[in-house]
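Visitor: Could you walk me through how to read a few features of a fold?

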Amino acid sequence: MAPMNPLNETLETMFATRFTCKRYDPDRTVTDEDMHTICEAARMSPSSFGFEPWKFLVIAKTSPLAEPLRERAWGMKRNAPYTIVILARKHMEADSAHVTHMMTDVQHLSPEDAQARREAFAAFQKRDIGIADDPRLMFEWSCRQCYIALADMLATCALLHIDATPVEGLNYDEVNAFLVEKGLMDPEEFGVAVMMQVGYRDPSHRMSPKTRQAPSEVFTFLD
């Protein structure tokens, strides 16, 4: 077998050694430069039609918000330098203000192109994925896209040799209510999709051997 390309080897090693951190080093932080890169990975993540149905709250462990948030999110670990709350948009209808903003102010489409894209987006939501008339399904669809940004941030952390923890262990009603109470989220527009933390593992934290199904169990190649 031919030697593996160095880049392939680096990437496979990265994914093989990445793990979910359960205990963070209280004496280490993440540099501003690294946090900027992690955030850029999220911002540059792909989304359906490029409409970016998300928002990110980056909360430092020194923030007065951190501990009250952890009380409502049992999956959060102590001492992580940063916790990122990923919010998903509830209103992604083709005629919503956000979709109009994206096409006009971000994508800079002409009125004709914007109308064509709006019609295609409306047809996609109604005919293809069946969410146009169900607010709950629309929000869940936005949440699924937020997980793309989560995955990109996790991979970026691994490449930067920074540890991370994806967090679904939270009381969603309580966390949503807390963010609304603090004026950080409009409940008519957003809801919590998922959270993550970033930092460096405690030196005593040992990674358990990674277990995964064999490739033959999860891949089917069709010629």
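Visitor: Which residue in β4 is the bridge partner of Ile86?

Guide: First, how strands join: strands of a sheet pair through backbone hydrogen bonds, either parallel or antiparallel. Here, Val194 in β4 is the bridge partner of Ile86. This is a predicted model, where local features need pLDDT of at least 70, side-chain atom pairs count only at pLDDT 80 or more, and totals for chains, interfaces and linings use all residues. Residues are numbered from 1 along each chain as its sequence is written, and side-chain values use heavy atoms, with hydrogens and water left out.

Visitor: How many bridges join β2 to β4?

Guide: Two strands count as paired if DSSP finds at least two bridges between them; strands are DSSP runs of E, at least two residues, and helices runs of H or I, at least four, numbered from the N terminus. Strands β2 (residues 82-89) and β4 (residues 190-199) run antiparallel and are joined by eight bridges.

Visitor: In what order do the strands lie in the sheet?

Guide: The open sheet has four strands, ordered β1-β2-β4-β3, with antiparallel pairing. Its edge strands are β1 and β3 (163-167), each pairing on one side only.

Visitor: Why does Phe15 count as partly exposed?

Guide: Buried means under 20% relative accessible area, exposed over 50%, and partly exposed in between (1.4 Å probe, protein chains only). Phe15 counts as partly exposed because its relative accessibility is 48%. Its place is in helix α1.

Visitor: And where is Met44?

Guide: Met44 sits in the loop between α2 (32-43) and β1 (54-60). At 57% relative accessibility, Met44 is exposed.
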